[in-house]
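Hello,

Here is the model I promised to pass on. My notes follow below it.

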Amino acid sequence: MSADILLQTHGLNAWYGAAQILFDVGLEVGRGEVVALMGRNGAGKSTTLKAIMGMMPRRSGQIRFLGQDISQAQAHQVARQGLGFVPEDRRIFTDLTVLENLSVGRQGSRQFPDGSAAPFWTHEKLFQLFPNLGELQHRPGGRMSGGEQQMLTVARTLMGNPLVVLLDEPSEGVAPVIVEQMADMIMALKREGVSILLSEQNLHFAQWVSDRAYVLEKGQIRHQASMVDLVNDADIQRQYLSV
Ligand SMILES: Nc1ncnc2c1ncn2[C@@H]1O[C@H](COP(=O)(O)OP(=O)(O)OP(=O)(O)O)[C@@H](O)[C@H]1O
Ligand SMILES: [Mg+2]
């Protein structure tokens with residue numbers, strides 16, 4: 001495996017009860033890459049992220065993170081190794097302020113496999129990325145809009161100094177101004193060398209921020225392409241993406 005591949009799955013399967021949801025999913029995320037996992041409602045995007053993270057009741061297949069096999073690891077162990085996860089349901093602490101929520105996410109500094117330092121996030125650095133959060137530092141999480149909570153969830157994940165972030169539908173259900181900040185944030189992370197695997201239904205958002213895409217249908221990867229090629233491929237879009 002190339003040292004530049006930070007996250008890789010091979011033959012990944014996952015089940016809810018007796019129902020198999022993922023079939024033989026193989027994907028790779030390279031250092032500094034933004035990769036979109038695309039597909040319609042129910043295609044298996046969130047399930048893929050959860051399976052990587054160790055949050056499915058049952059899974060099989062291989063998952064490697066930073067060259068290590070994490071296919072048996074639990075979510076908290078994977079998170080401690082530097083794999084960040086932002087789930088689709090925002091999980092902030094509603095009684096804690098923005099600053100307190102961020103402090104909960106604090107983890108130590110980290111290195112890439114080649115020994116170079118991963119970005120180290122502070123409140124100040126995050127508030128540059130998310131100006132809205134900076135203005136709401138002392139507000140309880142429960143008294144923020146959905147979009148602001150979404151940003152706080154991302155920011156709290158970054159406090160763990162992840163090398164790779166799994167982002168579940170960052171643009172879904174939030175106001176355009178927040179979507180723009182999400183895109184800026186993803187680009188800023190990429191500039192810092194952080195890799196992102198994001199699930200997305202929205203081709204406009206995905207094309208804005210992503211280098212490559214995998215297209216899922218019924219829990220299988222049906223297509224993979226550079227974002228440029230996918231944007232120009234009307235057939236694939238019609239088959240797997242348009243509603
Ligand atoms: N908790 C669950 N129990 C049983 N089946 C589930 C559960 N969550 C999801 N599924 C099923 O797994 C399949 C994949 O769902 P998943 O949430 O991964 O899709 P998705 O691509 O993220 O869709 P969306 O765009 O709606 O977020 C769907 O058929 C869904 O009904
Ligand atoms: Mg989903």
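Six strands make an open sheet, ordered β6-β7-β8-β3-β9-β10, with mixed pairing. Strands here are DSSP runs of E with at least two residues, helices are runs of H or I with at least four residues, and both are numbered from the N terminus. Two strands pair if DSSP finds at least two bridges between them. The edge strands are β6 (83-86) and β10 (220-226), and each pairs on one side only. On average, neighbouring strands of this sheet are turned by 15 degrees against each other, direction ignored.

This is a predicted model: local features need pLDDT of at least 70, side-chain atom pairs count only at pLDDT 80 or more, and totals for chains, interfaces and linings use all residues. Residues are numbered from 1 along each chain as its sequence is written, while chains are lettered from A and ligands numbered from 1 in the order in which they are written.

β6 pairs with β7 (residues 164-168) in the parallel sense, over four bridges. Val-86 has Leu-167 of β7 as its bridge partner. α1 packs on this sheet and touches β3 (34-38), β6, β7, β8 (195-200) and β9 (212-217). The direction of α1 makes about 145 degrees with that of β7. Contact means C-beta atoms, placed from the backbone, within 7 Å. Axes are lines fitted to C-alpha atoms, for helices over the stretch in contact, and angles run from 0 to 180 degrees between N-to-C directions.

There is also an open sheet of four strands, β2-β1-β4-β5, paired antiparallel. β2 and β5 (68-69) each have a single partner strand, so one side of each lacks a neighbour in the sheet. β1 (residues 5-16) and β4 (residues 58-65) pair over seven bridges in the antiparallel sense. Leu-7 is bridged to Phe-65 in β4. α1 packs on this sheet as well, touching β1, β2 and β4. Its direction makes about 75 degrees with that of β2.

Now the ligand. 13 residues surround ligand 1, the closest being Tyr-16, Gly-42, Lys-45, Ser-46 and Thr-47. A residue counts as near if its C-beta atom, placed from the backbone, lies within 6 Å. β2 (19-30) and α1 (45-53) are the elements that give two or more residues to this shell. The largest share, three residues, comes from α1.

Last, a helix pair. The axes of α6 (residues 146-158) and α7 (residues 176-191) come within 10 Å and cross at roughly 15 degrees. That makes α6 roughly parallel to α7, a term for angles under 35 degrees.

Best wishes

Methods. Contact = placed C-beta atoms within 7 Å. Parallel < 35°, antiparallel > 145°, perpendicular 65-115°, else oblique.
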